[in-house]
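Hi,

Here is the structure I promised to pass on. Have a look at it first, then read my notes on the aromatic rings below.

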Amino acid sequence: MAAEATCYQFDNVEVQPAAFAVLKDGRALSLEPKAVRALLHLIENRDRAVSKEELIDAVWEGAAVTDNALTRIVAQLRRELGDDARQARYIQTLPTLGYRFIAPLRQASLPPTAAARPKGMILALSAGLLAAVAGGSAWLLSGHSPSISTQEFRPVQLTTSPGVDLGGSFSPDGISMAYSSNRSGRFEIYLRPVNPGGVVRQLTFDGKQNVEPQWSPDGKWVAYRSVASHGIWLIPAAGGTAHRLTEFGSSPAWSPDSRQIAFRSFEPYSLAWFDFPGVGDSTIWTVAADGSQLRRLTTAGKPGGQHAVPRWSPDGRRISFAALGGQPSLWTVNPTSGELKPLTEEAGFYFGSAAFDPRGRNVYASGLNKAGEFGIYRISLEGEKPVELYSTRNEIPIGVTVSPDGKRLLYTRISNVSQLWVTGPQGAGAKPIFEDAVLRAKLPVFSPDGKRLAYVVRSSGRADDIWTMNADGTGAVQVTTQPGVEGAPVWSSDGSSILYSHSDGNNHEFRRLNPADRSWRALGDHKERRVGMPHISPDEREVIFVRPAPLNLWRLRLADGATRQLTFDREGASFPTPSPDGKWLAYEVGRGNTTQIGIADRDGGSPRMLTDDPGLDWPNSWASDNRRLVFASYRDGVWNLYSIDRVTRERKQLTRYTGYGAFVRNPAWRPGTEEVVYEYSQVKGNVYSISLR
């Protein structure tokens with residue numbers, strides 16, 4: 001007989017630990033995973049007071065956060081459960097001590113089918129959830145969970161960097177590995193024994209942010225990507241002078257005979273994983289080890305998604321790759337004929353960082369299951385269902401590779417911490433104001449009086465939600481209750497409401513949200529199918545949005561649904577950023593491998609370029625003077641914030657970050673001040689090993 005799962009019940013609430021869900025009157029509550037963990041810890045320790053320090057350690061698992069983050073989580077629990085801190089029925093506050101669960105509790109058993117995640121719990125992440133160096137992946141949450149292996153696999157941590165150690169490529173004898181580390185402040189390539197102990201040897205020294213090392217099967221070379229100098233490079237494994245193999249590309253992978261390298265055309269501009277896998281197309285290419293015979297193997301859009309993480313089969317007849325955002329998510333391509341085949345067509349499985357075993361019978365890959373947890377999987381090439389070997393939960397496994405004898409697997413286990421920070425006077429002394437470590441805290445926007453901040457939060461296992469807080473970081477609270485938030489929120493002209501776009505997957509509906517009681521109403525009856533990057537005007541009259549082929553800006557009039565094209569750029573205009581007075585329109589413009597800032601009047605007239613940089617410039621917000629723009633810029637592998645005057649083109653650098661592996665994004669200017677709030681996201685990671693036999 002199948003085992004039964006335990007659940008907790010109090011009043012009209014049911015807590016299902018196995019499904020990681022909380023139901024009220026049979027419907028799943030809108031709780032982020034940290035809130036569920038906090039409630040479970042309080043319930044399981046209901047016979048005593050639980051200190052704040054203990055609860056923080058249980059929920060955040062050692063991450064450094066303040067009491068404010070815990071207060072916000074408890075407030076979310078009380079709001080969703082219908083509890084009151086002053087007359088507590090469920091969670092009692094014990095001043096200076098912590099909290100205690102006080103409700104009369106019943107325990108019950110559920111059959112396995114009832115213990116599954118409830119229908120009301122919608123788990124969805126947008127296409128391209130993961131785009132990371134050394135084998136980024138993209139998965140969506142839907143379909144069936146993979147079967148679980150009965151064999152126990154225990155990973156061994158090989159590196160102990162407080163920053164980021166990435167990669168893990170076996171030497172031909174399987175004794176050593178090549179990896180990249182930012183231990184010196186910038187990423188370089190290192191060699192070390194796979195087993196603990198032994199000498200670590202630095203292979204590159206140029207400070208060019210070198211990542212994604214791959215040891216050639218003949219042992220002579222290590223291929224890698226140079227972030228600052230671009231392209232694929234080769235360096236002798238014994239040490240020496242590196243030389244450039246290609247002018248572009250990432251994720252190099254050697255053929256079994258060491259004569260060719262397969263690689264991805266797109267160069268990721270961050271270690272962090274985020275909402276989209278990158279700007280532009282990404283296809284799989286090959287090149288001979290001497291730099292000749294450069295050839296594109298796959299075509300953009302065939303299959304759908306960005307093509308990434310190529311890996312050769314042991315016989316050299318196939319190259320596997322991930323289709324970031326596509327379904328199926330793993331494919332193979334014949335390097336001679338270009339013939340494409342899905343590697344697995346099992347519905348609902350999303351994989352990446354795949355690597356063949358030496359016998360060519362299985363592929364090992366990182367993946368995401370229905371419950372929103374990451375893990376390592378074995379995929380049989382004989383059509384069997386994928387098998388989960390090990391779950392990493394919320395930490396993302398990337399860069400999976402198998403030893404030459406098939407007995408060992410290496411992968412990098414990374415975690416992402418995204419917070420909102422604010423600059424100090426003259427851009428100095430930046431500090432966090434939203435400290436909860438979530439997958440993304442992004443797209444902040446100030447109310448017209450500068451006293452309130454709306455922003456978007458993506459927590460583990462959830463889609464985007466809109467939150468608000470005071471300008472000093474206090475009073476953070478979630479204000480949307482339905483999944484489907486698309487694009488950035490906008491405050492109404494009077495500052496009483498938040499305007500945003502909601503999508504059901506097919507149509508966009510434009511809404512006016514009252515943050516006080518979380519009620520909303522639609523802005524007119526019009527729904528639009530082809531809406532990208534929507535920006536609702538504060539007067540609620542129109543929406544500036546993006547349509548493809550190529551990307552350009554359009555205006556939608558909410559009164560009657562009439563649309564009009566505003567820009568006609570041949571390489572693409574996107575991410576509209578209207579000025580506070582509505583007279584100017586800044587936007588992002590594609591120019592080859594760069595993105596620049598364009599500007600036009602509100603009707604798209606008199607367009608001109610504000611920047612012409614060898615990198616990426618992403619505009620996001622205006623100062624109150626309607627002249628200065630603040631934007632995120634990526635140059636030589638580093639993200640920073642800048643401002644630029646639309647009249648004089650005078651430019652100022654606002655932040656001074658120096659490392660690849662973190663990014664700043666979505667800066668928002670506080671009205672009437674020089675303060676800028678922005679997303680700061682940082683990746684931590686180390687290399688792990690799993691014994692397969």
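Predicted model: local features only at pLDDT ≥ 70, side-chain atom pairs only at ≥ 80, totals over all residues.

Is Tyr-642 buried or exposed? Tyr-642 is buried, with a relative accessible area of 10% (buried means under 20%, exposed over 50%, partly exposed in between, using a 1.4 Å probe and protein chains only).

Residues are numbered from 1 along each chain as its sequence is written, and side-chain values use heavy atoms, leaving out hydrogens and water.

Now the rings. Rings of Phe, Tyr and Trp (its six-membered ring) pair if their centres lie within 6.5 Å; planes under 30 degrees apart are stacked, over 60 edge-to-face, and the rest tilted. That rule gives 19 aromatic pairs. In one of them, the centres of Phe-434 and Trp-467 are 6.1 Å apart with planes at 65°, so this pair is edge-to-face. Both partners are tucked away: Phe-434 is buried at 3% relative accessible area, and Trp-467 is buried at 2%.

Tyr-642 has a partner too: it pairs with Phe-631 in a stacked arrangement, 5.8 Å centre to centre and 20° between the planes. Phe-631 is buried as well, at 0%.

There's also a cluster, made of Phe-266, Tyr-269, Trp-618, Tyr-634 and Trp-639.

Last one: the charged end of Arg-511 sits over the ring of Trp-520, 3.4 Å from its centre (the rule is NZ of Lys or CZ of Arg within 6 Å of the ring centre and within 35 degrees of the ring normal).

Cheers
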